[in-house]
Amino acid sequence: MRARELAEQFPIVSLTTNALTAARTMGDQRHPGLIVCDGEGHPHTVLPGSQVLRFMIPSYIQDDPALARVYDERGSDELLTKLSTKTVQELLPKRQDRDELPVVDPDATSLEVAAVMVQMRSPVVAVVDEDKQVLGAITLSRLFQVLFPAVPEA
Amino acid sequence: MTTVLVVIVFTTAYILIATERIHRVAAALGGAAMMVVLGVVNAEVAFFSERTGVDWNVIFLLLGMMIMVGVLRQTGVFEFVAIWAAKRAKGRPFAIMVMLIVLTAVASALLDNVTTVLLVAPVTLLLCDRIDAPPVPFLIAEVMASNIGGTATLIGDPPNIIIAAKSGLSFNDFVLNLAPIVVVLLLVFIVMARVMFRSAFTFHPEKVEALMALDEREAITDRKLLIKSMVVLLAVMIGFVSHSALHLEPSMVALLGAGALVAISKLDVSDCIADVEWSTLVFFMGLFIMVGALIEVGVIGTISKAATEAVDGKYFLASTVLLFASGALSGIVDNIPYVATMAPLVADLVSSGGGDAGANAAWWSLALGADLGGNATAVGASANVVVLGIAARNGHPISFWQFTKYGLIVAAVTISIAWGYVALRYFMFA
């Protein structure tokens with residue numbers, strides 16, 4: 001199966017989208033990440049949910065997870081509200097830390113898609129045509145659905 | 001000719017370690033390998049000679065303590081104590097800083113400095129976040145308190161461990177000679193911190209509630225493990241205090257403690273040894289072999305003889321030079337290779353004094369200078385570098401000069417006070 005057949009409609013956000021809105025989109029639609037496009041609608045990067053968490057959780061808690069336990073509910077909520085004043089751009093790692101884009105062309109095979117996911121460590125791969133327009137995206141779960149189809153019960 | 005080559009190899013390795021042009025472990029091991037190639041070092045010289053070989057007491061004392069700390073840190077006790085103390089301070093920034101200074105200094109006297117700051121820095125950032133205080137002054141104060149507190153005991157700072165191994169001084173000798181002045185230095189440092197970081201102490205009453213809402217008991221991840229760890233740590237401390245009477249080297253006490261803790265903790269062994277800094281242990285081994293080569297070819301003996309003749313019984317002058325020179329050098333280069341090199345020289349100097357209290361003061365001058373000098377610059381001690389890294393990762397970068405402008409003052413004041421202490425205790429009122 002080719003990437004164009006695997007691709008699904010996928011929410012796209014821009015660099016200036018509010019970070020909280022982006023996080024809610026991921027949550028509402030149960031997506032592991034979002035495709036981020038630049039001002040011309042060309043794919044800029046993929047924002048994985050783990051990156052949102054990395055931004056939201058202070059580094060000192062990432063260094064010492066035991067500290068997360070000492071927060072009360074209100075304290076936890078305060079940490080989450082950090083997102084409301086930020087944009088998607090601010091959530092992204094600095095340019096030099098970022099890999100190249102997890103993007104495949106529409107003719108890519110499912111194995112190529114899997115290879116890009118592994119190489120980029122991304123749960124989402126964007127399918128982009130020759131005009132750099134996003135046709136959709138392939139998630140890890142969609143790929144697994146194709147690679148390991150359910151066996152009908154006997 | 002061989003002697004000249006040994007000196008060249010040693011100096012080159014030392015420069016590489018000091019300038020960090022290559023990793024310090026590679027420099028030390030490379031230097032040690034060259035000593036073998038030059039035919040100065042063989043297995044007997046490197047591994048089995050008390051005079052020239054790897055000091056296994058130092059290696060195994062460090063290993064034992066690292067294992068115990070590796071288990072202890074999994075209990076969450078440091079986080080508990082820090083949050084508990086901050087809540088007792090009722091959110092007042094200076095009171096919290098004093099609590100953290102005391103906690104860090106006491107912990108550093110009993111544990112390795114780097115481990116201590118690794119444990120205290122994250123909870124400090126949390127506390128500063130809660131009370132809306134700038135974390136940089138708190139982090140700088142903590143690492144300086146760690147370097148001061150670590151001076152107090154035999155196990156507090158690696159240079160002290162090397163000095164103990166080379167001098168035969170006991171745990172109690174260190175406590176009796178260094179702990180009193182460290183207490184004074186800490187009090188002085190607290191006053192200095194009040195002045196140096198005065199702009200950081202703005203009290204936000206509205207933030208107190210956020211601090212008091214933290215539940216420090218939740219930081220304790222494993223109560224049974226905490227109790228077991230405390231029992232073993234207490235036994236180890238008793239072992240250190242009484243090691244002379246028990247005829248047990250401190251390294252044996254630490255290894256017994258580590259073994260007991262691993263056995264009763266029921267943790268996976270790989271978790272227990274996860275925090276062991278193998279690279280540091282290997283670095284020590286390489287250093288010992290390089291210094292052993294200098295001893296073997298007679299360089300240390302020649303310098304010792306010249307130094308002893310130059311001192312000519314003027315031990316006060318010798319202690320003064322040793323204290324200030326060690327302080328200055330430790331601010332620039334790693335104090336571990338410095339002390340490893342100086343220890344055999346000081347041992348000869350002290351033995352030439354024939355048990356004179358003034359001659360023995362050379363050991364305390366070396367320890368005070370090397371340990372306190374680590375505060376002088378941002379790269380003066382490993383703990384400084386670690387805290388700078390944590391601060392940067394959390395969005396609060398501390399520049400070299402931002403640290404050093406405070407460090408130079410603190411090092412100058414503490415070393416000067418330490419000099420007064422040495423002068424009074426070992427010379428004027430000896």
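This is a predicted model: local features need pLDDT of at least 70, side-chain atom pairs count only at pLDDT 80 or more; totals for chains, interfaces and linings use all residues.
**Chatting through a two-chain model**

Biologist: Okay, and which residues have the most contacts inside the largest nonpolar core?

Modeller: Ala362(B) is one of them, along with Met35(B), Ala82(B), Ile289(B), Met290(B), Val339(B) and Leu366(B). That core has 161 residues. Helix 7 of chain B, residues 113-131, gives the most to this core, with 12 residues.

Biologist: Which residues are in the second core?

Modeller: It is separate and has 31 residues, including Val13(A), Leu91(A), Val103(A) and Val104(A).

Biologist: Back to chain B. How do helix 19 and helix 20 of chain B sit relative to each other?

Modeller: Helix 19 covers residues 335-352 of chain B and helix 20 covers residues 357-373 of chain B. Their axes come within 9 Å and cross at roughly 170°. Angles over 145 degrees count as roughly antiparallel, so that is what we call helix 19 and helix 20 of chain B.

Biologist: Which residues meet there, between helix 19 and helix 20 of chain B?

Modeller: From helix 19 of chain B you get Asn335(B), Tyr338(B), Val339(B), Met342(B), Val346(B), Leu349(B) and Val350(B). Across from them, helix 20 of chain B brings Ala359(B), Asn360(B), Ala362(B), Trp363(B), Leu366(B), Ala370(B) and Gly373(B). By class, the residues of this contact are 11 nonpolar and 3 polar, with no charged ones.

Biologist: New topic: the sheet in chain A. What's the strand order?

Modeller: It's an open sheet of 3 strands in the order 1-2-3, with mixed pairing. Strand 1 (12-14) and strand 3 (43-48) of chain A are the edge strands, each pairing on one side only. From one strand to the next, the twist averages 35°.

Biologist: How many bridges join strand 1 to strand 2 of chain A?

Modeller: There are 3 bridges, and the two strands run parallel. Strand 2 of chain A is residues 33-37. Ile12(A) stands opposite Ile35(A), which belongs to strand 2 of chain A.

Biologist: Which helices pack on the sheet?

Modeller: Helix 2 of chain A (residues 19-29) does, touching strand 1, strand 2 and strand 3 of chain A. Its direction makes about 135° with that of strand 2 of chain A. Helix 3 of chain A (residues 49-56) also packs there and touches strand 2 and strand 3 of chain A. The direction of helix 3 makes about 70° with that of strand 3 of chain A.

Biologist: What about where the chains meet: how many residues come from chain A and chain B?

Modeller: Chain A puts in 13 residues and chain B puts in 19 residues. On the chain A side, helix 4 (59-63) and helix 5 (73-80) each supply at least two residues. Helix 4 of chain A gives the most to that side, with 3 residues. That side of chain A has 6 nonpolar, 2 polar and 5 charged residues.

Biologist: Last one. What's the phi of Lys132(A)?

Modeller: Phi of Lys132(A) is near 65°, a positive value in a residue other than glycine. Most residues other than glycine have a negative phi. Lys132(A) is in the loop between strand 5 (124-128) and strand 6 (134-139) of chain A.

Biologist: Why does Lys132(A) count as partly exposed?

Modeller: Because Lys132(A) has 13 C-beta neighbours inside 10 Å, and a residue counts as exposed at 12 or fewer and buried at 20 or more.

Methods. Residues are numbered from 1 along each chain as its sequence is written. Chains are lettered from A and ligands numbered from 1 in the order in which they are written. Two strands pair if DSSP finds at least two bridges between them. Helices (H or I, at least four residues) and strands (E, at least two) are DSSP runs, numbered from the N terminus. Axes are lines fitted to C-alpha atoms, for helices over the stretch in contact, and angles run from 0 to 180 degrees between N-to-C directions. Two residues are in contact if their C-beta atoms, placed from the backbone, lie within 7 Å. Ala, Val, Leu, Ile, Met, Phe, Trp, Tyr, Cys and Pro count as nonpolar, Asp, Glu, Lys and Arg as charged, and the others, Gly among them, as polar. A nonpolar core is a set of buried Ala, Val, Leu, Ile, Met, Phe, Trp, Tyr and Cys residues joined through C-beta atoms within 7 Å. Angles under 35 degrees count as roughly parallel, over 145 as roughly antiparallel, 65 to 115 as roughly perpendicular and the rest as oblique.
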